[in-house]
Amino acid sequence: MVTRKFFSVLSSSQFLENKARNWGPKLGATTVIAGETIEEAMEAVRKLNAQGLCATVDHLGEFVHKKEEAVASKDYCIRTLEAIDAYGVDCNLSLKLTSLGLDVDRNLCRDNMLDILAKADELNIFVRIDMEDYAHLDATLELFQELRRSYQNVGPAMQSYLHRAEQDTRSLKGVNLRMMKGAYKESPSVAYQKKPEVDANLLNIIKVHLLNGSYTAVATHDHNIIEEVKTFVREQGIPDDLYEFQMLYGFRTELQAQLVNEGYKVRVYVPFGEDWYGYFMRRLGERPQNIVFAMRGLLSK
Ligand code: FDA
């Protein structure tokens, strides 16, 4: 059976990555990745906006080991912000702190973030900090708290598979949070391993944050969770401007459209860039059935 672990191994294979780069995004990745350049990403966002969907773009980049790479990544984020403004699209920016140098030098990462947030603030664009593996959790939240002292247009993401997710959510009252199940392989000492527990905790942290009057982005393709959230906000009288749904580009597009037709705010996470390989493999690992979807993309080329 094809497992998450299998795709996780593939996602970190340098050999296969090099091969895949040579093939180009012909593995079916083009259905879930909006191209390799900022312009291609902006065109994809324009099409989403025309369908009533808003977006957040993420320039894919897997590993940053040097200061110059982190600064280049920061410059690219700023160019992306400028493009969002120039195209006049309804779009946020998503990023990962490791791509801005968190593992190289924490203060370098902070300075890069301050530059990005200053530009985003000037252009009135929200910046989402994606959550990475558990090893980066404390550093990410700690840096976020420091950034928030200067800027309000920024918010992190919360993984419901973590035992401490509710406690972290409560400590982030008032912060715009993205809630999702979590995509990394984590140890049982820190994370729930069983799907029912992860699902229950996702609903739990969404409810906690909403009842705290805090903006909540519900990031899932799980129709059961989405239905429960719809019922909850209706029953509790949660205002429409306190939450949104989020899904990945190319995933469950019919459900995205249905939610928009029902009047809900839906934001699509739009990954782009040349480093699409690891992202693509992780998505296959989460749901091996997606391989059928990927093959469809390949065959339609
Ligand atoms: P899950 O994969 O648990 O599926 C639940 C059910 O939904 C399935 O059993 C099936 O019935 C249905 N379903 C799901 N996908 C389907 C499909 N493609 N077609 C048909 N049915 C489908 N993770 C992280 O660690 N850090 C982060 O910053 C982010 N950021 C992020 C942003 C956004 C916008 C999203 C949507 C997700 C993330 N994630 C993430 C990934 C997230 O943590 C999680 O791993 C994936 O979204 C998979 O979990 P789901 O809740 O979507 O459904």
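# Close-up views of a predicted protein–ligand model

K195 is found in helix 8, residues 195–211. Helices (H or I, at least four residues) and strands (E, at least two) are DSSP runs, numbered from the N terminus. Residues are numbered from 1 along each chain as its sequence is written. The model is predicted: local features need pLDDT of at least 70, side-chain atom pairs count only at pLDDT 80 or more, and totals for chains, interfaces and linings use all residues.

View 1. K195 is exposed, because 11 other C-beta atoms lie within 10 Å. A residue is buried if 20 or more other C-beta atoms lie within 10 Å of its own, exposed if 12 or fewer, and partly exposed in between, with C-beta atoms placed from the backbone. K195 is also among the positions under the UniProt annotation "binding site", from an unreviewed entry. That annotation covers M131, Q159, K181, G182, A183, T220 and H221 as well. UniProt positions are given in the numbering used here, feature names are shortened, and annotations may be inferred rather than shown by experiment.

**View 2. The shell around the ligand.** There are 22 residues around the ligand. D130, A183, A219, T220 and H221 come nearest. Strand 4 (154–159) and strand 7 (243–248) are the elements that give two or more residues to this shell. Strand 7 gives the most, with three. Near here means that the C-beta atom of a residue, placed from the backbone, lies within 6 Å of the molecule or strand. By class, the shell has 10 nonpolar, six polar and six charged residues. Ala, Val, Leu, Ile, Met, Phe, Trp, Tyr, Cys and Pro count as nonpolar, Asp, Glu, Lys and Arg as charged, and the others, Gly among them, as polar.

**View 3. M131 and its contacts.** M131 lies in the loop between strand 3 (127–129) and helix 6 (137–148). M131 is buried, because 24 other C-beta atoms lie within 10 Å. Beyond its neighbours within four places in sequence, M131 is in contact with T140, P156, A157, M158 and Q159. Two residues are in contact if their C-beta atoms, placed from the backbone, lie within 7 Å. The UniProt record lists both M131 and Q159 under "binding site".

**View 4. The largest nonpolar core.** This core has 74 residues. A41, V45, M179, V268, V270 and F280 have the most contacts inside it. Helix 3 (residues 38–50) gives the most to this core, with six residues. A nonpolar core is a set of buried Ala, Val, Leu, Ile, Met, Phe, Trp, Tyr and Cys residues joined through C-beta atoms within 7 Å.

View 5. N124 is not a glycine, yet has a positive phi of about 60 degrees. N124 sits in the loop between helix 5 (106–123) and strand 3. N124 is exposed, with 9 other C-beta atoms within 10 Å. R252 has a positive phi of about 45 degrees and is not a glycine either. R252 lies in the loop between strand 7 and helix 10 (253–261). R252 is partly exposed, with 16 other C-beta atoms within 10 Å.

**View 6. Confidence and the chain end.** The mean pLDDT of the protein is 90, and 86% of its residues reach 70 or more. pLDDT is the predictor's confidence in each residue, from 0 to 100. Among the elements, strand 6 (residues 216–219) has the highest mean pLDDT (99) and helix 12 (residues 290–299) the lowest (54). Over residues 297–301 the pLDDT is below 50. Where pLDDT is low, the predicted coordinates should not be read in detail.
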